[in-house]
Amino acid sequence: METQSRGHLRGGGSTPPERITSCLLLTLITGVCCVHALEMSTGKIPFLEAVNGSTVLLPCTYASCIGITNLYFKWEFNDNGTMQKVADSVIPTDHVEPNKVNIYRERVEYVGSSKENNISILLWNITFEDAGVYNCFGKNPKEKGKNHTAFFTLTVVEELKVIDNTLTIIIASCVGGFIAFLMAFMLIKNFTLFVLAKIDEKNKECLVTSSGIDNTENGLSGSKSTPKKA
């Protein structure tokens, strides 16, 4: 068994006011008390395909709206139904690092940080035997014995598959070309309508001017002088 130590920081064990406030708000909004609100998460994508011999990160974070006291966490590996402990420790309270992180397997390093609610681990030089499901387990005594677990699946391959993006590139090119054609068409259409509008406006001005000239000429030619009466 290999033991990895971490620095211990002093900190109070009381629940921060903001956590109490958030808990009360959650209770008022949902109608459910958040005393069982510890959450363990291995990320939005809880699986990874990695090359044999590489180093991978197994992510895990925790969160609790009521704070933590002596939070016990552990990583386990599911070896064909047999759970093998990978690492474990106890976090005294919020933002305080565990005094000691116990490592039970080779090529494992704890890289978590209590300041970020992070209890992730690294696996160095992975082998095909490392492939499988890993459990990130957490237990907060404040929750009266409730247990929480998140899962992460690791797949180890000889080499990563090369994805053929030819079809994707062709589709993207066609869509981009169509959009460019549509924009060019709209620009030409608007320009043509603008020119036609200007031409029509000029024609109307010419008609008005010509009509005024014709009326003036007709008025002059049709006028007669009225003789003065004696």
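Of the contacts in the protein with a separation of 6 or more, what share is between residues 24 or more positions apart? It's 61%, where a contact means heavy atoms within 4.5 Å.

Before you click around: this is a predicted model, where local features need pLDDT of at least 70 and side-chain atom pairs count only at pLDDT 80 or more, while totals for chains, interfaces and linings use all residues. Residues are numbered from 1 along each chain as its sequence is written, and side-chain values use heavy atoms, with hydrogens and water left out.

**Stop 1: the whole chain.** Switch to cartoon view. You'll find 2 helices and 12 strands, taken as DSSP runs (helices are H or I, at least four residues; strands are E, at least two) and numbered from the N terminus.

**Stop 2: confidence.** Colour by pLDDT, the predictor's confidence in each residue, from 0 to 100. The average is 82, and 74% of the residues score at least 70. Now select residues 2-16: pLDDT is below 50 there, though the model gives this stretch 41 contacts beyond near neighbours in sequence. Residues 26-33 are also below 50, with 6 such contacts.

**Stop 3: the core.** Select Met 40, Leu 58, Tyr 62, Trp 75, Ile 119, Leu 123 and Tyr 134. These have the most contacts inside the largest nonpolar core, which has 29 residues. (Such a core is a set of buried Ala, Val, Leu, Ile, Met, Phe, Trp, Tyr and Cys residues joined through side-chain atoms within 4.5 Å; buried means under 20% relative accessible area, exposed over 50%, partly exposed in between, with a 1.4 Å probe and protein chains only.) Among the elements giving it two or more residues are β6 (69-79), β7 (82-93) and β12 (147-157). Zoom in on Ile 119: leaving out residues up to four places away in sequence, its contacts include Met 40, Tyr 62, Trp 75 and Cys 136.

Stop 4: Select Phe 178, found in helix α2 (residues 166-221). Is Phe 178 buried or exposed? Exposed, because its relative accessibility is 54%.

**Stop 5: a loop.** Finish at Asn 125, in the loop between β10 and β11. Asn 125 counts as partly exposed because its relative accessibility is 45%. Now show Val 51 too: Asn 125 and Val 51 are 74 residues apart in sequence, yet 9.4 Å apart in space, C-alpha to C-alpha. Setting aside neighbours within four places in sequence, Asn 125 is in contact with Gly 53, Ser 54, Thr 55, Arg 107 and Asp 130.
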